[in-house]
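Start with the model itself, then read the points below.

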Amino acid sequence: MNHEKSLKMKIKTPLRRKSPLRSRSMKSEKSKFEISEIKTPTRKASRSTLMRKADDAFSVFIRTRDSQAYEGRAFRCISCNRVLPITQADCGHYVNRSHMSLRFSEQNCNAQCRHCNRFQEGNIQDYRKGLIKKIGETKVLLLEAQKNVTNKITSFELELLAKHYKAETKKFKYQIK
Ligand SMILES: [Zn+2]
């Protein structure tokens, strides 16, 4: 009897302890989540957050624009000219993103396959050829001339850009997923 009792105790004790511990930890996770939810809107968004949001909205706009000929499901890469599923599209900058004067330029940015954008350093020679075909040599030369124009984008502008491109994207007939 004694032995049985002690066995039961051994089994029961950890079971009894576990459940309150678990619910306690769940509670604390939940309250952490609630606190962060409350705090976020009151905290002023950092410049990097605003930049990311503007970049994201602009990227979706460019990829949506360049997939219209394929009903939002595919695109033709500006540099290698392949037609690929839209899920493989990046927003590729001809003059790279570090140049603020052209970071949000609709002519400077085009749907580009991941391979060209990420592994071929933008495949810039073919990008130039593709861009000339798309917008003409004069506009490409103008982009190249604007490359070193100083342009500091304010937080106010970044917020506007994000809003603008979200709204512009919705206007396209075909939306990308
Ligand atoms: Zn490509």
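In α2, Arg47, Leu50, Met51, Lys53, Ala54, Ala57, Phe58, Val60, Phe61 and Thr64 meet Ser155, Leu158, Glu159, Leu161, Ala162, Tyr165, Lys166, Glu168 and Thr169 of α6. Contact here means C-beta atoms, placed from the backbone, within 7 Å. This is a predicted model: local features need pLDDT of at least 70, side-chain atom pairs count only at pLDDT 80 or more, and totals for chains, interfaces and linings use all residues. Residues are numbered from 1 along each chain as its sequence is written.

**The helix pair**
- By class, the α2 contact with α6 has 11 nonpolar, 3 polar and 5 charged residues.
- The axes of α2 (residues 47-65) and α6 (residues 155-170) come within 8 Å and cross at roughly 25°.
- The two helices are therefore roughly parallel to each other (angles under 35 degrees count as such).

**The core**
- The largest nonpolar core has 26 residues. Such a core is a set of buried Ala, Val, Leu, Ile, Met, Phe, Trp, Tyr and Cys residues joined through C-beta atoms within 7 Å.
- A residue is buried if 20 or more other C-beta atoms lie within 10 Å of its own, exposed if 12 or fewer, and partly exposed in between.
- The largest share of this core, 6 residues, comes from α2.
- Ala54 is among the residues with the most contacts inside the core. Leaving aside neighbours within four places in sequence, Ala54 touches Leu158, Leu161 and Ala162.

**Glu157**
- Glu157 sits in helix α6. With 15 C-beta neighbours inside 10 Å, Glu157 counts as partly exposed.
- The C-alpha atoms of Glu157 and Met51 are separated by 9.7 Å, and the two residues are 106 residues apart along the chain.

Key
Axes fitted to C-alpha atoms, helices over the stretch in contact; angles between N-to-C directions. Helix = DSSP H or I, 4+ residues; strand = E, 2+ residues; numbered from the N terminus. Parallel < 35°, antiparallel > 145°, perpendicular 65-115°, else oblique. Contact = placed C-beta atoms within 7 Å. Nonpolar A, V, L, I, M, F, W, Y, C, P; charged D, E, K, R; others polar.
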